[in-house]
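User: I would like to learn how to read the features of a folded chain. Could we go through them one at a time, with the general idea before the case?

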Amino acid sequence: SIPQSVVVALCNALACGIGAYLYYVVLQFSLEFLWRTVPQKFVVDVWPEWTYGLYIPLAGFAMCIGLGVTVTCLGEPGDLAYTIDCVHKKAFVHLNHVGPMCVSSLFSIVGGGSVGPEAPLVAICAAIAGNISFYVFKQTNKNIMRKHTLMGMSAALAAFFGAPLGGSLFALEVCSKFGIEYFEHTVECILCGLLAAVVFRFCTGVPPGQVWSFPTEPLKEADLELIIIGGAIGLLGAFLALLFVEFHWKVISLFRYLGLLDDSKQALTRALLGGVVIYSIGAFVPQTLFWGEAEFQTLWNQLPASTLEHVFPTTGLIGFEMDSCTKCLLVGFAKLVTISFSVAGGYRGGFIFPFFAAGSAFGRAFLYVFPSLPPTVTCLSFAAGINVAVTKTSMSTTLILIYLSGEQNALSPILAASIVSLLASSYTPFIKTQVSREDEEYEMVRQQQQDAKRDKDRFSGIVNSITHARRLFNGLEDVENVEEEHVPRRNSLLFNRLESMKDIMDDVEEDDVPLSETRKSFQIISQRGYLV
């Protein structure tokens, strides 16, 4: 009922908001300690100045070791794809993933990997909400537990982004390939997201509102030309995302060939191999480090590297500055490479903000070719195009970018970029556990058919053999000299029982009509030709 949903939303929002706050406090303390306190005490005025840049790989590989040891000792924490899979199949996330996810994600993010806190918070809050549903409210209905789990995911993203509507819709959209399919839970999820954002912002003392700012005046209006340009940029963003997906699966194939993906005992080697690429790039191009929420401001405005918030030293080894079209492209492609090796290396975290950061770099490069375009439209449209092509979240990505940038008048071009990107990339899945509800029903029907076929195969041989023997005894075949009364009564009862079992098997076989005749829409799914 509605009152029950409100009570559940309040409980989940309170628990998830406080959980997100505790995670946020530990994350901020760890970042400050590793990248500000330690360098100021042990590096500045102690090392030769030209060696400051070596602190980046030193700190990064220390976090790699922590990540590898955590996964080896505590077990696999899962990732966003695992969380989505749990939502579809089990309707909740088990609590035994919370501890490993908290520790491993902190090592991953604090170490400067191109992953963010959004995916760990989603997994943690999904587990909290789902288990509150089971243990506190005693729910066992799968659909109700799934609703409560989705409320926890919405609470996490709404609190993290500070955008209750966009964050809540993202939690619903990311579970499916093409739009929101658990639509009946939308209102409750938005309510829980709104309440969780209030709890989180109250605890942190950070007021909700615009995060990024641009030195020029906000966009006054978006005419038809800008909407068309936004759609075209979204198509370019989808193309870049396609290149990323193809490259990423090559990287995954390399890690699988080396035997690093299927054995948690290899977690340390896997993390170190990913770290070699991440910190080699980061030492020369420090703009590629971390998840990009704070770095977006520097990339969007092409500010000096000294404005980078987390990394030490901000100039890296060579004093790299993003001051030309070539360097903007270099930052964009380097960011995509570090995202790929972060995911392949087992770094736990989300890639929403990292894709936003890469999109802002490509948008800046685009402005060198078309300087008359508004920077707001180009950078945000590239960010939306790349992210939507990977996560399939067209509506929520638009709302989140508009909210964080404070550019409400850019909504139409960014929405055009998101929709075009979604349509252009609909056959290139990246998160393979994103399934539609038809796919779920198809899997359930297929499993039932397999079970029925297995049972039929198990008994059909026995049934056919004994039926054939009965025919022999009844004189229905070549043996005519066997009298019916010579057949023991107990055998007759057995034959009758097995005959009735065979009738049941025949009924099952008759009911097993082709799936294409049962549900025509499944034909569309079976004919989709995915690239990966």
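Analyst: Let us begin with contact, which means heavy atoms within 4.5 Å. Since this is a predicted model, local features need pLDDT of at least 70 and side-chain atom pairs count only at pLDDT 80 or more, while totals for chains, interfaces and linings use all residues. Residues are numbered from 1 along each chain as its sequence is written, and side-chain values use heavy atoms, with hydrogens and water left out. As a case of contact, Thr-338 touches Ser-114, Ile-278, Ile-281 and Thr-288, leaving aside residues up to four places away in sequence.

User: Is Thr-338 buried or exposed?

Analyst: Buried means under 20% relative accessible area, exposed means over 50%, and partly exposed lies in between, with a 1.4 Å probe and protein chains only. Thr-338 has a relative accessible area of 1% and is therefore buried; its place is in helix H12. For the protein chain as a whole, buried residues make up 50% of the 532 residues.

User: How many helices and strands are there in the protein chain?

Analyst: Both are DSSP runs numbered from the N terminus, helices being H or I over at least four residues and strands being E over at least two. The protein chain has 20 helices and zero strands. Among its contacts between residues at least 6 apart in sequence, 77% join residues at least 24 apart.

User: What should the 19 residues of helix H8 span?

Analyst: The expected span of a helix is 1.5 Å times one less than its number of residues. Helix H8, residues 186–204, should therefore span 27 Å, and the distance of 27 Å between its end C-alpha atoms agrees with this. The buried residues of H8, including Glu-188, Cys-192, Ala-196 and Phe-200, pack against helix H1 (2–42), helix H6 (142–161) and helix H7 (164–173). Just after H8, Gly-205 takes a positive phi of about 75°.

User: Which residues does Leu-165 contact, leaving aside its neighbours within four places in sequence?

Analyst: Leu-165, which is in helix H7, is in contact with Ile-190 and Leu-399 when those neighbours are set aside. The C-alpha atoms of Leu-165 and Ile-190 are separated by 6.1 Å, although the two residues are 25 residues apart along the chain. With a relative accessible area of 42%, Leu-165 is partly exposed.

User: Which residues have the most contacts inside the largest nonpolar core?

Analyst: A nonpolar core is a set of buried Ala, Val, Leu, Ile, Met, Phe, Trp, Tyr and Cys residues joined through side-chain atoms within 4.5 Å. The largest one has 121 residues, and those with the most contacts inside it are Trp-35 and Phe-356. Apart from this core lies another, of nine residues, among them Met-322, Val-331, Ala-357 and Ala-365.

User: How many salt bridges does the count come to?

Analyst: A salt bridge is a side-chain nitrogen of Lys or Arg within 4 Å of a carboxyl oxygen of Asp or Glu, and by this rule the count comes to four. One of them joins Glu-76 and Arg-348, whose closest N and O atoms are 2.4 Å apart. This pair links distant parts of the chain, 272 residues apart, with Glu-76 in the loop between helix H2 (55–74) and helix H3 (80–89) and Arg-348 in the loop between helix H12 (325–344) and helix H13 (352–369). Glu-76 is partly exposed at a relative accessible area of 35%, whereas Arg-348 is buried at 9%.

User: Where do Lys-147 and Glu-188 lie?

Analyst: Their side chains meet in a salt bridge at 3.8 Å, N to O. Lys-147 lies in helix H6 and Glu-188 in helix H8, so the pair ties together parts that are 41 residues apart in sequence. Both Lys-147 and Glu-188 are buried. In another salt bridge, the side chains of Lys-327 and Asp-323 meet at 3.3 Å, N to O; Lys-327 is partly exposed at 28% relative accessibility, and Asp-323 is partly exposed with a relative accessible area of 48%.
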